[in-house]
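Please read the points below alongside the sequence and the coordinates. They are set out by topic.

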Amino acid sequence: MKKLTIIISVLMALLILVAGPMTALAQDDEETEADSPKSFWEGSLAIVAPRIAPVGEEISMTVFLRANQEPFPDAGVWALTRERAEVLKEELAALREQNSLSSADTDLEGIISIHGTFLGRTDENGKLYHAFDESGHYMLAAVKKHYFPGFTDINIGTLPRALGIEAPRRALVGQDVTITAFQRRTEEPVEGAGIWALSREEAEVLREEVKALHEDTSIAAEEKDYESLVDIHGDFLGRTDEDGQLTHAFAEAGGYLLVAVKRGYVPGFSPIGVGIEPKALGLHAPWRALVGQDVTITAFQRGTQEPVEDTGIWALSREEAEVLREEMKALHEDTSVAAEEKDYESLVDIHGDFLGRTDEDGELSVAFSSGGIYLLVGVKKGYFPGVTIIGVHEMPAPTPAPPQPVPEPSAPAPEPEPEPEEVTE
């Protein structure tokens with residue numbers, strides 16, 4: 001957007017004459033007022049109008065009193081060409097040298113009316129509406145008796161048609177992107193506009209060459225061949241269809257400047273960042289473990305479930321995890337760094353304890369030396385980190401066996417009574 005504004009401004013400056021003497025006259029008004037007796041002047045006027053306007057389009061001009069910035073009604077407004085403004089400047093300078101500029105006998109409105117075209121008088125809101133019939137560079141003068149005049153410049157011309165581009169700011173490699181070329185101001189789609197993609201380095205070189213072409217007054221604006229310049233430095237993607245659209249998939253990641261070009265239009269520009277879809281890690285580990293017990297942590301790629309070798313594994317406490325969460329969020333939202341280039345490892349390493357890296361099977365075996373609730377974080381360049389939680393507990397002390405009851409000694413068995421002897425008679 002900023003680049004387009006610069007291009008249009010430069011082009012309009014070439015299309016329309018620049019009236020240096022008019023600006024000088026506008027700058028002289030405050031000096032003249034300062035040199036004049038204050039008793040004559042009741043105040044100083046100022047006029048505000050667009051710097052650039054097309055032929056035939058009605059514009060709004062506002063006159064106000066400099067002292068309080070209030071709209072000034074019933075002020076006469078004149079338009080002077082470059083040549084007549086130069087003559088007026090000389091006449092006002094002569095009146096100032098004669099100390100008669102502030103004389104009650106001096107009719108400033110009459111003097112300015114000799115050199116300019118009367119456009120009308122401001123309404124109660126200090127406004128005047130007018131459409132210019134001819135292109136050119138004019139000085140506008142706001143005049144009323146006993147008030148020092150206000151001056152400003154305006155360029156009237158045929159505004160060149162300008163292209164705009166609508167495209168996503170970011171896209172993925174291989175993803176179809178729809179690029180739309182349209183005419184600025186009307187928003188109408190433009191068929192047959194060529195679309196090029198330039199790297200940052202190519203765009204810098206092109207900027208200088210486009211500037212030189214803008215400044216070449218030997219070629220009419222509508223005949224300038226921007227396409228040849230862009231084609232030297234950029235990759236041609238294709239031309240827009242009847243809906244002003246072109247679909248393209250970028251094969252390589254990078255930052256590009258899209259340029260839309262068509263003869264008779266000022267080129268349109270729009271940046272686009274093309275990146276690789278970030279892969280995401282996942283971690284698998286048991287929910288619970290004992291201090292000193294070997295635990296196997298597995299890193300895998302989400303979506304494919306394939307193990308990921310050389311993944312760094314860190315363990316963080318709850319407090320460290322809270323701090324890390326905010327920093328990782330900020331890095332994730334930083335669009336100035338491509339997703340695959342973001343250095344999550346440095347962040348995690350500041351806050352966590354490094355446990356090791358996974359083997360070719362995506363596994364790491366580790367034993368925790370102290371209990372607690374840990375956040376495990378797996379990090380590898382080109383992947384979005386994976387996380388999981390594990391609770392590590394102290395191994396409980398063995399419970400002593402309850403004492404076995406001692407059996408009481410049993411009473412001795414009674415001796416058998418002797419059988420009575422048989423008595424014989």
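1. Buried means under 20% relative accessible area, exposed over 50%, and partly exposed in between. The model discussed here is predicted. Tyr 344 has 4% relative accessibility, so this residue counts as buried.

2. The structure holds eight aromatic pairs. One of them joins Tyr 344 and Phe 384 in an edge-to-face arrangement, with 5.5 Å centre to centre and 75° between the planes. Tyr 344 belongs to helix 8 (residues 344-351) and Phe 384 to strand 25 (residues 383-384), so the pair ties together parts that are 40 residues apart in sequence. As for cover, Phe 384 has a relative accessible area of 32% and is therefore partly exposed, whereas Tyr 344 is buried at 4%.

3. Which residues gather in the patch of negative charge on the surface? The patch is made up of Glu 309, Asp 310, Asp 359, Glu 360, Asp 361 and Glu 363. Glu 363 is part of strand 23 (residues 363-367). With 35% relative accessibility, Glu 363 counts as partly exposed.

4. The backbone of Asp 310 deserves a look: phi is near 65°, a positive value in a residue other than glycine. Most residues other than glycine have a negative phi.

5. Gln 305 is found in the loop between strand 20 (294-301) and strand 21 (312-316). Phi of Gln 305 is near 65°, again positive in a residue other than glycine. Is Gln 305 buried or exposed? At 53% relative accessibility Gln 305 counts as exposed, because the cut-off for that class is over 50%.

6. How many residues apart in sequence are Val 323 and His 351? They are 28 residues apart in sequence, and their C-alpha atoms are 8.1 Å apart in space. Val 323 has 41% relative accessibility and so counts as partly exposed.

Note on methods:
Residues are numbered from 1 along each chain as its sequence is written. This is a predicted model: local features need pLDDT of at least 70, side-chain atom pairs count only at pLDDT 80 or more; totals for chains, interfaces and linings use all residues. Side-chain values use heavy atoms; hydrogens and water are left out. Patches are made of residues with over 30% relative accessible area and no salt bridge: like charges are joined within 9 Å, nonpolar side chains (Val, Leu, Ile, Met, Phe, Trp, Tyr) within 5 Å. Accessible areas come from the Shrake-Rupley method with a 1.4 Å probe; for residues, only the protein chains shown count as cover. A salt bridge is a side-chain nitrogen of Lys or Arg within 4 Å of a carboxyl oxygen of Asp or Glu. Lys and Arg count as positive and Asp and Glu as negative; His and the chain ends are not counted. The place of a charge is taken as NZ of Lys, CZ of Arg, CG of Asp or CD of Glu. Helices (H or I, at least four residues) and strands (E, at least two) are DSSP runs, numbered from the N terminus. Buried means under 20% relative accessible area, exposed over 50%, partly exposed in between (1.4 Å probe, protein chains only). Rings of Phe, Tyr and Trp (its six-membered ring) pair if their centres lie within 6.5 Å; planes under 30 degrees apart count as stacked, over 60 as edge-to-face and the rest as tilted.
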